Every structure is written in structure tokens, then in C-alpha cells.
Amino acid sequence: MQSLMRLLSTTLTFQTPVRAAPAGVALQQLRGKTKVVEKPKPGAGQQFRRTVHFPEEYTVEPLKITHLAGRDPVSGRLVAKGIGGGIKQQYRWVKWVRDGPAEGAQEELVLEVLRDGCRTAKVALVAVGDELKYILATENMKAGDILKTSRFIPRIPVRPNEGDAYPLGALPVGTRIHCLEKNPGQMCHLIHAAGTFGTILRKFDEKVVVQLPSKREFAFQRTCMATVGRLSNPEHNKEHVGSAQRMREMGNRPRSGLWKRKEGKHGRKIRRLPPMTTISPPAPPKEEAIKLTLPL
């Protein structure tokens, strides 16, 4: 017990008292601090062009949009450059889940195929019973077409038409597809761009190998849903802009001050030619030194 008390007394004597800093020093330190703002980085699936106000329930009415012009919606700081202006567009809510019965197939009627300014491919208004929904339109889809959707995988692959939705295991090898599920039951969030398609290459075990538009091959489960056909508007990547005003209408802001024709950073430099240079005759060859072998 005495040894324990002696140990406690020694430890207490070695502690240094904490001195409070003067008020003036504390204010001076606070005055020198800077406000750290975590600025969001563009990319990684986050875009700063518009914010769509989604309602609680699905609707086919055009949704309201708030244009961000490259700014963060929370802080208002400029995050992505080159965005701003543009023609006001209407956002149509696409229903990404193509769900069908486990036995047989349900029929869907295409009512209208129309352009959507917020995406490159066209969208189609489809009626299923007493329900209306938007889906991505295929290359040859038109009003009046009847589509089929099913989750049944038969023993022999089906013979699908454009716009039909089936599991990968029910489609034959070589079929062009889009709106592919990454995992069964999830939204179809692969292959959405205009004119793109994936190709079913081969099947093994419970997997189906699909070549994506990037030419990379992935093996998906055979129960993943996919829509048959190539997406509409295949000439989108060949569209000619033509003018700077057209770029402004598309919502792209110019790089102000970076391009000047004569002295800008990216412009064609028009400078004075160098002075005249006189071409002199070639220098005569050097004479070789004569080596004497006779000792003198």
C-alpha cells in the first residue's frame, strides 16, 4: 500500500499545469483561419446541368426542371465549366423496370414515339392495361406496335421482335439488346445512348456473355432482363453542330477568352517571317597531315 501511494505521488508531481491562452492570442489565431469548403467533383455519375423534381408516384406528365448551369445545388459554387444557357426542355420520366409475368407474356401497345430533349434516344409512350409509361424507343419502333414482356425462360430460345423484353436466357445468341439489367430485379441501367446496342455472344452454365458498346465482354445471370433491338436516333453521333449559336442552344457555354485568331492560346498565330538567310558555300575539306616514317 505504501509503494502504491508513493507511485501516485510521483506521477502527480510530474504533471505540468495547463495554461490558458490569453484572449488576444485566441482571437488572432481565429482571425488567421480560412473556411474549408469541400467542393464536389464532377463526374462519378453526378451531373450539374439540371435537377429534376420527381414526385412520389410515377407519372407520364412532363416533370419540372431546375437548371444548375454547372453549379452545386447546395453551395452555389461553380463546379463544372462549359455548362449554361440552352433551350428549356421537358423531362419525361422513363420507367426503367420492364416487369412481366413468370408464365406467358403480356402485351404492350405503343401509343406515340417522341423526342426528349434531356436524352439522346427517343422515348415511346406505352400502354399496359390501364397504365401508361415511357420506355426507350428502338430504331424502327412506331405508333401502333405491340410489344411483349415476359420473365419466362423456355427450353428453346424465343424468336423476339424489336422492343420485346425477355431474360437473357430466353434470347438466342447474336441478338441485339439494350436496357440491360446488371443484376436481376434492378433497374435496366446499361446501354441507354442513342444508336447503341449490345450483342449476346455465348452462354455457359447459368451465365450469358454480352458484348457492350465499348466492345468489352461481361457475363450476366441468365435471369437479367433486356430489351431487344438497337436504340433509336442512330445518327446522333454524326449530327453537325454548324455554328456557335447552335452550341449555346444545346446548353454549352463557350470558353471565353481562350481562343483568339491571332494571339490567343489556341488560335492560329500570325507572326512576321524570319529575316533572309544567306546560304554560304560549303567549307573546303581539311588537308591531311603528312606522317614521315624515316627517323631524322
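**Ground rules.** I worked on a predicted model, taking local features only at pLDDT of at least 70 and side-chain atom pairs only at pLDDT 80 or more, while totals for chains, interfaces and linings use all residues. I number residues from 1 along each chain as its sequence is written, and side-chain values use heavy atoms, with hydrogens and water left out.

**Aromatic rings.** I searched the whole structure for aromatic pairs and found four, where rings of Phe, Tyr and Trp (its six-membered ring) pair if their centres lie within 6.5 Å, and planes under 30 degrees apart count as stacked, over 60 as edge-to-face and the rest as tilted. I looked up Phe54 and Tyr91, which make an edge-to-face pair with 5.8 Å between the centres and 90 degrees between the planes. Phe54 lies in the loop between β1 (50-52) and β2 (65-67) and Tyr91 in the loop between β2 and β3 (106-114), so the pair ties together parts that are 37 residues apart in sequence; strands are DSSP runs (E, at least two residues) and helices likewise (H or I, at least four), numbered from the N terminus. Phe54 is partly exposed at 43% relative accessible area, whereas Tyr91 is buried at 14% (buried is under 20%, exposed over 50%, partly exposed in between, with a 1.4 Å probe and protein chains only). I also noted that Phe54, Tyr58, Tyr91 and Trp93 belong to one aromatic cluster.

**Charges over rings.** For this I required NZ of Lys or CZ of Arg within 6 Å of the ring centre and within 35 degrees of the ring normal. Lys95 lies over the face of Tyr58, 5.3 Å from the ring centre, and the charged end of Arg176 sits over the ring of Phe197 at 4.0 Å from its centre.

**Salt bridges.** I found 10 salt bridges in the structure, each being a side-chain nitrogen of Lys or Arg within 4 Å of a carboxyl oxygen of Asp or Glu. Lys95 meets Glu131 in one of them, at 2.5 Å from N to O, and this pair links the loop between β2 and β3, which holds Lys95, to strand β5 (residues 131-136), which holds Glu131, 36 residues apart. Both partners are partly exposed, Lys95 at 30% and Glu131 at 31%. Arg151 and Glu181 meet at 3.8 Å from N to O, and they join the loop between β6 (146-149) and β7 (165-167) to the loop between β8 (176-178) and β9 (198-204), 30 residues apart. Here Arg151 is partly exposed at 26%, but Glu181 is buried at 0%. Arg246 and Glu239 form a further salt bridge at 2.7 Å from N to O, and shared partners join Arg98, Glu108 and Lys133 into one network.

**Largest pocket.** I read its volume as about 950 Å³, meaning the space filled by probe spheres set on grid points joined across faces, edges and corners. A pocket is an open set of points on a 1 Å grid over the protein atoms alone, where a 1.4 Å probe fits, with protein on both sides within 12 Å along at least five of seven lines, and lining residues have an atom within 4 Å of a point. Of the 30 lining residues, Arg50, Gly117, Cys118, Arg119 and Met250 are the closest to the centre. β1 and α3 (244-249) each supply at least two residues of the lining. I divided the lining into eight nonpolar, 14 polar and eight charged residues, counting Ala, Val, Leu, Ile, Met, Phe, Trp, Tyr, Cys and Pro as nonpolar, Asp, Glu, Lys and Arg as charged, and the others, Gly among them, as polar.
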